[in-house]
Each structure stands twice: as C-alpha cells, then as structure tokens.
Amino acid sequence: MDIDVSKFFNTCLLFVATIVVAKLISAFIVPKSRKRLPPIVKGLPFIGGLPRFLKGPIFMLREEYPKLGGVFTLKMFHKNITFLIGPEVSAHFFKAPESELSQQEVYQFNVPTFGPGVVFDVDYSVRQEQFRFFTEALRVNKLKSYVDQMVTEAQDYFSKWGESGEVDLKYELEHLIILTASRCLLGREVRDKLFDDVSALFHDLDNGMQPISVLFPYLPIPAHRRRDQARKKLAEIFARIIASRKSTGKSEDDMLQCFIDSKYKDGRPTTEAEVTGLLIAALFAGQHTSSITSTWTGAYLLSNSKYLSAVVDEQKNLMEKHRDRVDHDVLAEMDVLYRCIKEALRLHPPLIMLLRSSHTDFSVTTREGKEYDIPKGHIVATSPAFANRLPHIFKDPDTYDPDRFTVGREEDKVAGAFSYISFGGGRHGCLGEPFAYLQIKAIWSHLLRNFELELVSPFPEIDWNAMVVGVKGKVMVRYKRRELSVSH
Ligand code: HEM
C-alpha cells in the first residue's frame, strides 16, 4: 500500500513536472510558432521566391494578393520580405518612427551615387537635418522663383520646334526636364556653361545604378567604375562653383544656393561635398520621376478627347483671366490639369516599390479583420504601383478617370491618408511633390496653348525593367502650331 502511494505520488509529480517543463518550453522556445505570422509565398528551397521576384514584383503581387490577402511574406535566401498592401495595413509602414522601421539599410545602394556624408550615409539625426534643408529649398517662396525659370525653359525649348512635325515626346520631355532641373536645382553656372559636361557625367551616374547595384553596389563592373569616376568629377566641378559663389558673395535663386546657405542646428555650415551630394540626391529623386509622369500625362490626354478638351478649355479660361501670364499662382489654378497628371501618376507611379527594415516586432490588422505579427528583422515593402489600383478604393481602377479626385468622390482620400501613394506619405512623404506638379503643369500648359497634338504611335507600354519604371519605347506625336482663340 505504501509503495502504491509513493508510486502514485511520483507519477503525479512527474505529470506536474512534465506540464511545467512543457509550459516553460512553450514560453521560451515555442512562442515564435504562436505568433500569427503572415502567409508565405510558395517558392523553391533556399532561394525561395527569388525567381518570381526577378520576373517582376508586380506580377508576383497580382498573383499572390487574391490568394493571400494584403499581408504576406516572400522568402529570398535568408531574407524575409513582408508586403503590406492597402491603406488598412500600410499605415504603420508610413508612420512608424525610424527606430522601428528604417530606410538606411534598404536604401544603402544609393550611397556610392549620392556620395559620402549625405542622406543614407549618415545617422538619422543628421539625415533629418538634411531633409530640413530640402524642405526649406522647396518652400513656396522658393518655388515661385523656380516657376519663372520652368516657364522660360519650356518657352525656349518649344520655340525650337518647327511649324509642324513629328517628335518622340518621351525624348523631348526628358531633355526639357534635364534643362529645367539644371536651371532650378544645379544653378546658372551649370545650365549656361557646363550643361553638356555635367549632363554627360549625370548620365554615367545614372547608368551606374543597375538592378544588380541594389544587391551589390560596389561590384567591380564597368558601369560602377564609370559611376565612381563621374561622381569624382562632379564633386570637383561643384567644389569650384561653390568656392566661386562664396568668394564673390554672389547669391542665386536656386537649390544650390539654398544648400550652400543651410546650417545644421549647432551652427555648422554645409561642406562643399555635402552640397554636391544633396544636389545629386535631388536630381535622382526628381528628374526621371517627373519626366516619366509628363510623358504618361501626354499619352493619356492625347488618347482621351474628353479630358483633352477639358484641359484646353481650362487654359482658355485662364488666358481670358490672366492673358499670357503663367506664374506660380496661375499654375495653382489649373485644377483639371492637376487631376489629369495625378491620375496618370496613379496608374503609373515611377517608384513601384518602397522599402523599410523592421527593428521591432509589430502587428497589423487586415480589412478582413485578420491579425498578423511581423517580426523584427523583416524587410517591409509596399507598392504604389499595386496599391494604387486596388478595386475597393478606386472604382474601375484600370480606367483613366481624373474625375475620381473631384469633390464628392475623392477616391484618393476615402480610405484614409494612404489610399493614394505615388508620392509615398507620412514620415517620408515626397518633399518635391509641389515642385513636380509645377514643373509638369508648366510644360503641359505651354504645349496645350501653343500646339495641336496627336498621338501617332500606339498607346505606350510600361518598361518594368527600369529602376524608375517608365514608358517603353518611343511615344511619337504629330504637332502643329496654333494659337488658342480667346476673347479678352
Ligand atoms: C512625379 C515626381 C515624383 C514622384 C512620383 C516622387 C515619389 C516619391 C516617393 C514615392 C517618395 C517616398 C520614398 C519612400 O517612402 O521610401 C519620395 C521621397 C522623396 N522625394 Fe520625391 N517624387 C517625385 C519628385 C520629387 C522631386 C522633384 C524632388 C526634389 C526636387 C523630390 C524629392 C524627394 C525627397 C527629398 C524625398 C525623401 C523624403 C524623406 O525620406 O523624408 N521628389 N518621392
């Protein structure tokens, strides 16, 4: 009997011990498996979803979103990329502080192009100050003087077109935007004297940013070598220009001057190398994005007679009111043109994928009410190109319909601040958005007022292979000079 009691006692003890150990294991070892991790995109062993990602991230998203919903993870080698698609789950992406979701690691590939000591090569505290320099250089009072330069550049450029003819609109707008960007951002010295040299160097810098550069930015390939040489020469050119402005005390109305005059909180002025790096960053952020958007805007307007007549009528009304005056305030009145540009940009955001690196665990809830925990260490991604066409936010999302932004519909706002994300949003939203709209409006108001235009090539396709995704091939347009008839 005694033996039985102690056997029973031992069994109970073992049972309790087993439960305690099991609880401990589940508390310390298993918790990962209890996390509500996002579903995983099917892929091959080890390389995971790499082949599908390389085929094109948007194609992968189109296949996976209907199956897996707005939150899922793609494994590539040892990396996990978690996609947050749709405003319901992407809010954290846009609003999280740098300590939780950071850009520095994922955008490191820009460092050899932008140069040392700026943007992604510096701590967040310094980067924040440098973004303050951007904000100040793009304030309304500065934009007003840039607009005059944008208008002059457009007038000069198109004055070289004949009475009538055929042009590749994509090529023309790319060139005009380089000239305008040179004038407003890089300054008079570059625009007037050094334009050919500097644009050749920027061309090498541009070609140095290949898809492979994202993974291996320092790989010893010819494109990277040319990039590094061009970067060095640009630094020398800008050092000379800055030194000359400083020694003569001459001040100009351009971004270069704003960066020269910028000071850190502790009173330290910017160095010549920092000014050069910030200007390169501005050009990379704003040049291709704006020229691509101008081209798509043209392609859509010339394929939609309803909107083409609406924007022409708007120009006529403004000419009746302001005659030939085109300045910041007149451009601000071009609402119809604004919506036409915004809609082209909704369908074709040039930055198709935005990335962050997660430093803390966080949770999101999908619109269907499913909760997921995203562990720290994941790369987190969202996609303007995909999210801008979600059918629960945008009615007939593949249709060009600029009226979707009018009062009463406002589809860009119905699902909150992150419904329309061509310019990103939240903490790192684009600082150049007003500049970009002014520049594109200045170009298109000039074209609409002075030319009859007709698209003669088929509607363009998307060039998914480019780093900044734009228009594939030529966009041939026939033009004829005209004067809009208006009654003053
Ligand atoms: C149509 C034209 C443009 C588009 C579509 C565009 C798009 C974007 C997007 C999507 C972001 C957010 C990136 C992210 O969250 O990771 C961004 C950031 C930025 N953009 Fe633009 N951009 C345009 C024009 C410009 C121009 C003209 C400039 C300057 C002259 C500019 C300067 C910047 C800067 C400085 C940032 C970084 C803001 C930050 O991280 O706090 N952009 N842009």
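Glu-483 lies in the segment that follows strand β12 (476-481), and in this predicted model the residue counts as exposed, with a relative accessibility of 74%. Two further topics are taken up below: the annotated residue Cys-430 and the contact of helix α8 with helix α9.

**Glu-483 and its surroundings**
- Although Glu-483 and Phe-451 are 32 residues apart in sequence, their C-alpha atoms are 7.5 Å apart in space.
- Glu-483 counts as exposed because its relative accessibility of 74% is over the cut-off of 50%.

**Cys-430**
- According to an unreviewed UniProt entry, the annotation "binding site" covers Cys-430, a residue found in the loop between α18 (384-387) and α19 (433-450).
- Cys-430 has a relative accessible area of 37%, and is therefore partly exposed.

**Helices α8 and α9**
- Two packed helices are described by the angle between their axes and by the distance between those axes.
- The axes of α8 (residues 140-159) and α9 (residues 169-186) come within 9 Å and cross at roughly 140 degrees, which means that α8 is oblique to α9.
- The crossing in which α8 passes α9 is right-handed.
- On the α8 side the contact includes Tyr-146, Met-150, Tyr-157 and Phe-158, while among the residues they meet on the α9 side are Leu-173, Leu-176, Leu-179 and Arg-183.
- The residues of this contact of α8 with α9 divide into nine nonpolar, three polar and three charged.

Conventions:
Residues are numbered from 1 along each chain as its sequence is written. This is a predicted model: local features need pLDDT of at least 70, side-chain atom pairs count only at pLDDT 80 or more; totals for chains, interfaces and linings use all residues. Side-chain values use heavy atoms; hydrogens and water are left out. UniProt positions are given in the numbering used here, feature names are shortened, and annotations may be inferred rather than shown by experiment. Helices (H or I, at least four residues) and strands (E, at least two) are DSSP runs, numbered from the N terminus. Buried means under 20% relative accessible area, exposed over 50%, partly exposed in between (1.4 Å probe, protein chains only). Axes are lines fitted to C-alpha atoms, for helices over the stretch in contact, and angles run from 0 to 180 degrees between N-to-C directions. Angles under 35 degrees count as roughly parallel, over 145 as roughly antiparallel, 65 to 115 as roughly perpendicular and the rest as oblique. A crossing is left-handed if the near helix is turned anticlockwise from the far one by less than a right angle, and right-handed if clockwise. Contact means heavy atoms within 4.5 Å. Ala, Val, Leu, Ile, Met, Phe, Trp, Tyr, Cys and Pro count as nonpolar, Asp, Glu, Lys and Arg as charged, and the others, Gly among them, as polar.
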